[in-house]
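The sequence and structure follow.

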Amino acid sequence: MTFEWVVLRNSAAGPSEVPEARVEEALERHGVRGVIESPSSIQEMRDAACEIAEQDRAVAVVGGDGTLSTVVDALAQRGVIGRVVLGVLPAGTGSDLIRTFGIPQLLEDAARHLATPNTYRIDVGRLEGGWGVRYFVNVANAGLAAAVVEAAERLPRRLGSARYLAGVAAAAPGFKGCEVELTTPRRTHRQHALLVVAANGQFFGGGWNVAPKALLVDGELDTQLVDVPKTAIPRLLPKLVRGVHLSHPGVRRRSLGEFTFTPELDWPVEVDGDPIGHGAFSASVLRTALTLKI
């Protein structure tokens with residue numbers, strides 16, 4: 001089965017705008033049938049994706065994980081997420097979800113995947129907090145990791161994924177860990193922590209293998225509570241990048257289908273590289289809700 005695509009180009013994604021001509025040339029090179037649309041805002045992109053899904057057509061987004069995530073959120077909020085095949089042409093600061101499937105990070109190489117019949121059903125995460133409900137595809141973070149994302153957002157986009165390393169240096173000195181409570185249907189766990197990770201995919205932060213045991217189809221989020229002295233962060237970071245940090249005594253990992261997370265302080269929260277709010281939240285999973293083009 002081949003698809004006729006509607007390609008939505010996020011002109012604001014990545015270090016610099018991806019010209020429409022570049023996308024068109026990539027599609028033509030691989031014989032991909034489709035039309036390109038360039039919404040003028042994220043809200044217009046969300047609306048366009050939902051309208052296309054309601055017509056049972058295939059959607060490809062040009063952008064990174066943030067662009068993909070906001071489209072998935074729109075589809076889930078509108079109740080049409082099960083009606084669409086969703087593809088990705090990477091062009092953002094980081095397109096980490098597709099690393100799991102070996103899809104190239106270069107748009108021109110990734111475009112050939114749109115010409116194949118291969119699809120894969122994956123889970124979608126769901127957070128609910130003071131901000132409302134937000135769906136995500138790759139990862140949710142609270143605490144220091146979310147503060148790093150907030151700091152990275154203030155840095156020049158031309159730095160690409162290097163913004164996250166710079167964000168660590170900017171956010172870590174002033175960030176305060178606290179007592180947190182993680183409650184599942186079976187038990188409540190309390191401890192001091194610097195951050196919590198709830199991962200659907202394995203990679204984020206521009207290729208960091210933070211959740212090497214995460215699965216996109218198990219109905220669970222790979223949940224990690226991290227508590228180390230801030231002076232130990234420079235030594236832990238290389239292990240996080242390579243995915244060999246899980247044996248560290250300061251890392252507590254569990255796979256959870258649902259939980260509630262409550263920090264003592266008003267921690268920031270982010271999903272897929274986008275800050276969404278602060279404070280406590282509940283997390284759950286929509287199992288195999290999205291058909292992803294691979």
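Which residues do ring pairs link into a cluster? Phe175, Phe259, Phe261, Trp267 and Phe281 are linked in this way. The model is predicted, with local features needing pLDDT of at least 70 and side-chain atom pairs pLDDT 80 or more, while totals for chains, interfaces and linings use all residues. Residues are numbered from 1 along each chain as its sequence is written, and side-chain values use heavy atoms, without hydrogens and water.

Rings of Phe, Tyr and Trp (its six-membered ring) pair if their centres lie within 6.5 Å; planes under 30 degrees apart are stacked, over 60 edge-to-face and the rest tilted. Six aromatic pairs are found in the whole structure. Two are tabulated.

| Pair | Centre to centre | Angle between planes | Class |
|---|---|---|---|
| Phe101 and Tyr120 | 5.4 Å | 65° | edge-to-face |
| Phe261 and Phe281 | 5.5 Å | 35° | tilted |

Phe261 belongs to strand S13 (residues 259-263) and Phe281 to strand S16 (residues 281-293), so their pair joins parts 20 residues apart in sequence. Strands are DSSP runs (E, at least two residues) and helices likewise (H or I, at least four), numbered from the N terminus. Phe261 and Phe281 are both buried, whereas Tyr120 is partly exposed at 35% relative accessibility. Buried means under 20% relative accessible area, exposed over 50%, and partly exposed in between (1.4 Å probe, protein chains only).

The axes of helix H2 (residues 42-54) and helix H3 (residues 65-78) come within 9 Å and cross at roughly 55°. H2 is therefore oblique to H3; angles under 35 degrees are roughly parallel, over 145 roughly antiparallel, 65 to 115 roughly perpendicular and the rest oblique. Axes are lines fitted to C-alpha atoms, for helices over the stretch in contact, with angles from 0 to 180 degrees between N-to-C directions.
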